[in-house]
Amino acid sequence: MTDQNEDARRGLPLSGVRVLDIATMGAGPLAATFLADFGADVIKVEHPENGDHIRAFGMKKDGISLYWKTISRNKRAVTLNLKHADGQALLKDLVKSADVVVENFRPGTLEKWNIGYDVLAQVNPSLVMLRTTGFGQTGPYSALPGFGTLAEAMSGFASITGTPDTPPLLPQLALADGVCGVFGAYGVMVALHARDRDPEKRGQVVDASICEAMSRLLESVYLEYDQLGVVRQRHGNRLPDAAPRGAYESREKGKYVALSGSAQPVAMRLLEVIGGPDLAADPRFATNVDRIANIEALDTLIAAWMKQHPRDEAVDILRRHQVAAGPVYDVGDLFADPHYKARQALVSIPDPDLGDLTVHNVVPRLSRTDGKVLFTGRDKGADNGDVYGRELGLDAARLDALRKAGAI
């Protein structure tokens with residue numbers, strides 16, 4: 001058996017980089033997916049019985065997790081029991097040819113199983129290990145269970161999301177895991193670059209805290225507190241430091257238009273559109289500071305104008321006058337959007353279980369060595385024969401013995 005996608009990966013920018021994804025659920029596996037999108041040979045390692053917990057997560061079709069199909073795209077799939085002595089030996093054999101290991105067990109777990117970074121680095125000193133956890137490898141919270149929900153709460157994100165009269169709002173998707181996945185993949189690339197410039201080709205650990213990845217995006221909020229003692233509150237769709245900004249219902253009930261007039265020329269063009277030259281010359285709205293001070297009046301005027309137009313008509317008028325505006329989409333709108341279609345932001349990929357699947361294309365785009373979605377998430381252990389047999393040289397009898405022992 002051969003890796004059928006080896007030739008396809010060969011032309012991608014991370015071809016030749018091998019990643020062992022021994023993580024489960026969100027942040028760690030997403031980091032590995034982002035690397036796989038650009039051609040890294042990612043081997044997804046799962047427990048022989050339980051598999052990755054993500055297989056049981058979210059909506060399913062024909063009993064198959066839809067999220068699994070995209071979070072594990074472009075990854076070969078093997079089973080391996082990391083608690084089993086033979087499984088640990090196999091992991092060390094895989095590490096010999098690996099560049100990266102991605103894990104998200106609680107700190108100390110891999111060390112307890114004698115496969116921590118110190119041990120694996122003896123097998124392969126050039127190894128980079130991405131360790132994604134809720135709160136990082138050190139500190140008083142490091143041993144606590146940590147999921148993206150806690151990061152969204154404890155980073156301060158939820159406290160500023162929502163309206164003044166509602167509780168803090170948590171997102172309806174794995175936002176913090178996704179953010180940490182991006183930072184994790186970024187950290188891996190920095191560590192690989194550092195390794196390749198090091199005369200001794202030494203690897204290192206990338207410590208990615210989901211909470212810190214999320215809080216990194218809120219730096220301006222932190223500076224407001226640090227320098228001014230200001231604790232930002234929930235302002236709904238407004239921004240406390242720029243006006244106008246919001247989502248306004250159109251003449252069509254439930255259909256909204258989002259706009260931002262943060263830049264002075266854009267704000268002036270908006271005022272011209274909704275009220276003509278007289279409104280644009282109104283001293284209440286002359287500067288951003290003035291508009292913030294009179295935001296209630298300004299929002300009332302914008303809302304009244306929006307109510308006169310269907311959503312798409314309002315967007316068209318505003319765009320023709322170079323106002324930064326766009327429709328508030330649901331996922332059905334997005335699938336139908338001509339811009340997304342023109343850029344092939346969504347691509348259809350054949351799946352052996354569910355037929356054609358529409359998944360998001362690779363982000364970001366590269367002009368010369370772009371990434372590619374090669375295939376969707378595979379069945380558990382689908383590549384055991386390829387990885388353990390063809391690459392590690394284990395014969396059928398040995399593989400059968402390992403299966404019976406519960407190691408793979």
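Is Arg 232 buried or exposed? In this predicted model, Arg 232 counts as buried because its relative accessibility is 15%, which falls under the 20% limit for that class. Arg 232 forms a salt bridge with Asp 241, in which the closest N and O atoms are 3.4 Å apart, and Asp 241, with a relative accessible area of 43%, is partly exposed.

A search of the whole structure finds 34 salt bridges. Among them is the pair formed by Asp 52 and Lys 44, whose side chains meet with an N to O distance of 2.8 Å; both Asp 52 and Lys 44 are buried. Another salt bridge joins Lys 307 to Glu 249, with 2.8 Å between the closest N and O atoms. Because Lys 307 lies in the loop between helix H13 (295-306) and H14, whereas Glu 249 lies in strand E9, this pair ties together parts that are 58 residues apart in sequence. Lys 307 itself is partly exposed, its relative accessible area being 42%. Salt bridges also link Arg 9, Arg 18, Asp 41, Arg 76, Asp 386, Arg 390 and Glu 391 in a network.

Turning to the sheets, 6 strands form an open sheet with parallel pairing, arranged in the order E5-E2-E1-E6-E7-E8. Its edges are strand E5 (75-79) and strand E8 (205-209), each of which pairs on one side only, and the twist from one strand to the next averages 20 degrees. Within this sheet, strand E1 (residues 18-21) and strand E6 (residues 100-103) are paired in the parallel sense over 3 bridges, and Asp 21 has Val 102 as its bridge partner in E6. Helix H17 (residues 384-391) lies across E1, strand E2 (41-46) and E5, and runs at about 80 degrees to E5.

An open sheet of 3 strands, with antiparallel pairing, has the order E9-E10-E11. Strand E9 (245-249) and strand E11 (325-327) are the edge strands, each pairing on one side only, and here the twist averages 20 degrees from one strand to the next. Strand E10 (residues 256-260) is joined to E11 by 3 bridges, the two running antiparallel, and Pro 327 in E11 is the bridge partner of Val 257. Helix H14 (residues 311-320) lies across E10 and E11, running at about 160 degrees to E11.

On the surface, a nonpolar patch is formed by Tyr 141, Leu 144, Leu 150 and Met 154, which together have about 380 Å² of accessible area. Leu 144 is placed in the loop between strand E7 (128-133) and helix H7 (148-154), and counts as partly exposed because its relative accessibility is 44%.

Notes. Residues are numbered from 1 along each chain as its sequence is written. This is a predicted model: local features need pLDDT of at least 70, side-chain atom pairs count only at pLDDT 80 or more; totals for chains, interfaces and linings use all residues. Side-chain values use heavy atoms; hydrogens and water are left out. Patches are made of residues with over 30% relative accessible area and no salt bridge: like charges are joined within 9 Å, nonpolar side chains (Val, Leu, Ile, Met, Phe, Trp, Tyr) within 5 Å. Accessible areas come from the Shrake-Rupley method with a 1.4 Å probe; for residues, only the protein chains shown count as cover. A salt bridge is a side-chain nitrogen of Lys or Arg within 4 Å of a carboxyl oxygen of Asp or Glu. Helices (H or I, at least four residues) and strands (E, at least two) are DSSP runs, numbered from the N terminus. Buried means under 20% relative accessible area, exposed over 50%, partly exposed in between (1.4 Å probe, protein chains only). Two strands pair if DSSP finds at least two bridges between them. Axes are lines fitted to C-alpha atoms, for helices over the stretch in contact, and angles run from 0 to 180 degrees between N-to-C directions. Contact means heavy atoms within 4.5 Å.
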